[in-house]
Amino acid sequence: MSGSGAPPRQDRSELAHKADPSQDVVLVVNAGSSSIKFAVYGVGGDGLDRLTHGEIDGIGTLPRFHARDASGAEITGLPWAKDSNFSVHKLIEALIEWIEQRCGRGRIMAAGHRVVLGGLEHTAPVLINAGLLERLRELIPLAPMHQPRNLEPIEALAKLNPKMPQVACFDTAFHRTIPEIAQLYGLPRKLTEAGARRYGFHGLSYEYIASVLPRFDERAAGGRTAVAHLGNGASMCALVGGRSVATTMGFSPLSGLLMGTRPGEIDPGLLLWLMQAKGMAVEAIEAMLYHECGLKGVSGISSDMRDLLASDDAHARQAVDLFIYRICWELGSLAAAAEGLDALIFTAGIGENASSVREAVCRQSAWLGIELDAAANARGEQRISTIASPVSVWVIPTDEERMIAIHTLAILKELPKTIL
Ligand code: AMP
């Protein structure tokens, strides 16, 4: 899987020194449309140590395997794919073989998966069984781009090792505390009953932030906090007492903020216009909405914030300005939903790294009681508001994979020993 050459496979003794071969591990899998991210956590002592993490990307074209060790150093000499025509099943098989070489055969206690849609009935992670898989397959029409990709590695692992417990951690579960009224669209009741409602996404990221927030700001953890998850996919969430009460994504991960390649909020009348006046087929509209809009569409240059910030092109500047404008707009609406604001948190790739974006959001949202400490922000400190600021502002790295590992281990501990 690593490039086009054929590096020799590492033998077990070469790998063994890099991880304690007697330590049990939990595997975390986060499968996207063309990549599978993974992480392996050692279980024991007083917590979870991330031993290795990485990604198989280029699925469907030329799969490549990247991994890093516990220190973050790139691991070389990874398993090699003999051809590019690899099914997800084969890729998962290769991944398991590699992990077992590294951590010891039979040491993978369980696998935790990110699953985009859990429906309304799942408010927490659950152990996967045949019945649950069937139910999750039924939800595919509500998330046709993401749900099938999430289920494939689960099915592959179930075939490879039917006895290994697998846990589904839903992106939507954390948002099930959103009041009913805020989950409704103004649609005929029949459609709402058929599932047309606001589910919300990035729930594992918000749950992680809510879980660590007390370490940063006790008052905000018990009060009203807006979290801005600004990555390639971007959304925001209002937390009250650590529970989600409103979020910018809705029925699908298309709505809300401007994103790397997705538009965020648009008038549904535009979709009618695309079909009626522009003669666009549903598939073409879907491809455009997921892959050609957002920062990429507005700038005409790139979906990557780094490229746009480095560019002096007017359209690149406008794309960044629209990104910021939409965050400020949604911040105001989340403060309305939470009936106030005590803290604002920035997280994910752009939120954690792009100080100029954070600065613009804070300055344009000063009316909410945000006083930026520009020097602290430029230095990349954790707290970027002044001490006197009525609303505290923080930069907190998110860790969805650790959240999945925590949930998986918690479910594992509840299982009767006969299942393990
Ligand atoms: P994520 O989806 O969380 O990995 O975030 C990806 C986004 O973060 C991309 O738009 C990147 O351009 C952006 N990003 C990562 N590092 C930086 C950085 N140093 N400055 C600005 N944007 C960054």
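**Ground rules.** I worked on a predicted model, where local features need pLDDT of at least 70, side-chain atom pairs count only at pLDDT 80 or more, and totals for chains, interfaces and linings use all residues. Residues are numbered from 1 along each chain as its sequence is written, and side-chain values use heavy atoms, with hydrogens and water left out.

**Overall shape.** I took the extent of the C-alpha trace along its principal axes and got about 60 × 55 × 45 Å. I then checked the radius of gyration (over C-alpha atoms; the globule rule is 2.2 Å times the number of residues to the power 0.38). The chain has 22 Å, which agrees with the value near 22 Å for a compact globule of 420 residues. I looked up burial next (buried is under 20% relative accessible area, exposed over 50%, partly exposed in between, with a 1.4 Å probe and protein chains only). Of the 420 residues, 51% count as buried.

**Elements and contacts.** I found 17 helices and 12 strands in the chain. These are DSSP runs, H or I of at least four residues for helices and E of at least two for strands, numbered from the N terminus. For contacts I used heavy atoms within 4.5 Å. Among contacts with a separation of 6 or more, 63% join residues 24 or more positions apart.

**Domains.** The assignment gives domain 1 (25–170) and domain 2 (219–400); such bounds come from an automatic or database domain assignment. I put their C-alpha centres 28 Å apart. Six residues from domain 1 and seven residues from domain 2 make the contact.

**Largest pocket.** I searched for pockets on a 1 Å grid over the protein atoms alone: a pocket is an open set of points where a 1.4 Å probe fits, with protein on both sides within 12 Å along at least five of seven lines, and lining residues have an atom within 4 Å of a point. Grid points are joined across faces, edges and corners, and a volume is the space filled by probe spheres set on the points. The largest pocket holds about 1500 Å³. Its lining has 43 residues, and Asn30, Lys37, Arg114, Asn232 and Glu400 are the closest to its centre. Strand 3 gives the largest share, five residues. I sorted the lining by class (Ala, Val, Leu, Ile, Met, Phe, Trp, Tyr, Cys and Pro nonpolar; Asp, Glu, Lys and Arg charged; the others, Gly among them, polar). The count is 11 nonpolar, 20 polar and 12 charged.

**Second largest pocket.** I read a volume of about 1100 Å³. Of its 37 lining residues, Tyr185, Phe251, Ser252, Leu254 and Ser255 are the closest to the centre. Helix 10 gives the largest share, five residues. By class I have 26 nonpolar, seven polar and four charged. The second largest pocket lies between domain 1 and domain 2, because both give residues to its lining.

Glutamate 339 is not a glycine, yet I find a positive phi of about 60°. Glutamate 339 sits in the loop between helix 13 and strand 11 (343–347). Its relative accessibility is 69%, so glutamate 339 counts as exposed. Alanine 348, also not a glycine, has a positive phi of about 70°. I place alanine 348 in helix 14. Alanine 348 is buried, with a relative accessible area of 7%.
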